[in-house]
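Hi everyone, thanks for coming.

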Amino acid sequence: MIKKLKNSNPNFIEYLNIFTNKFESFYNQKYFIDSSPNILKESIQYINSTGGKRIRPFLVCECAKLFDIKFEISIYAAIAIEMVHTYSLIHDDLPAMDNDDLRRGNETLHKKYNEAIAILSGDALLTDSFIMLSDNYKNLDLNICLELISLLSKSAGSGGMVGGQILDLFPENNNEKSVNTMNEMKTGALIQCATSFGAILGNAPKKDHKNMYEYGSSIGKVFQIKDDLLDIQGDEKIVGKRINKDKDNGKFSFIDLYGEEKTKKLAIEYVSQAKDILVSYGTKNNYLILLTDYILDRKK
Ligand code: GRG
């Protein structure tokens, strides 16, 4: 059922596909709660089997590698962040929010099951993400464990993704500042959390925390711009979800603000900013550089 990625630099795509397979096999082994009811296990297995690009876990593991942290250590933080991302997609698709039937080319969770199962599956993923962090890092280093939990809560909560979703559904204004703030909170916060997890896991100096935060901020903007562009130019079969949603839902995006050409130029500038931040990490940054290009080139 998992659809593999094909476009972009073939070597990078192969590397990303290898990572994705390894990530998914760890995810399926490490995330199970024995006492959870069967229907909940099934619904979570269903949503996980629909794939996803796994960009956030990739960022956690690759950014951690900059600080010599191995996959076997960073994987739990990668799983936790993907759990929060998955919950957000499930809830975003609900009738009360974007009301979508299709996600990743498959039925959305509330269509496959029902709304109650979708709401509760999202709740379980969000809540269990914190167990994932506390169970797996408390014996490694209590401070690191606390920093991970604290940043994930902050990034997912009312000052981060949830707040951004509120501003998307109920905009306070339709101007450059408000669109930027909404995107930074809704999309950027979790991406910044993923890159910052690298520096936290590596117990890195302050300047690296700043670098990882700023790298996340630049690619978060590229990610959102590409999402806006795919919404008007993408092929629904490849994107795997309904397109032209922003216009149909009366949402104001980067493209309304700047027009298509200027928006693309802006994305290229953010790609270049992101790569500049990575320069000081030498050849360890290779795959992050390629990921940065991929975020803009992607077709889904
Ligand atoms: C419901 C609290 C709550 C938040 C929802 C995820 C989200 C916030 C909104 C989805 C709307 C949207 C298209 C946001 C743009 C960025 C985004 C999160 C895109 C989907 O992420 P991908 O492309 O998804 O990484 P895959 O399927 O690859 O995992």
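Helix 9 gives the largest share of the lining of the second largest pocket, 7 residues. Before going on: this is a predicted model, where local features need pLDDT of at least 70, side-chain atom pairs count only at pLDDT 80 or more, and totals for chains, interfaces and linings use all residues. Residues are numbered from 1 along each chain as its sequence is written, and side-chain values use heavy atoms, with hydrogens and water left out.

Helices here are DSSP runs of H or I, at least four residues, numbered from the N terminus. A pocket is an open set of points on a 1 Å grid over the protein atoms alone, where a 1.4 Å probe fits, with protein on both sides within 12 Å along at least five of seven lines; lining residues have an atom within 4 Å of a point.

Back to our pocket. The second largest pocket holds about 360 Å³ of space, a volume being the space filled by probe spheres set on the points, which are joined across faces, edges and corners. Its lining has 17 residues, with Leu151, Lys154, Ser155, Gln192 and Tyr213 nearest the centre. Helix 7 (142–156), helix 9 (176–201) and helix 10 (206–233) each supply at least two lining residues.

Now, staying on helix 9, is Asn183 buried or exposed? Asn183, which lies in helix 9, is buried at 7% relative accessible area (buried is under 20%, with a 1.4 Å probe and protein chains only). Beyond neighbours within four places in sequence, Asn183 contacts Gly188, Gln224 and Phe254, contact meaning heavy atoms within 4.5 Å.

Terms used:
Buried < 20%, exposed > 50% of the residue type's maximum accessible area, 1.4 Å probe, protein only.
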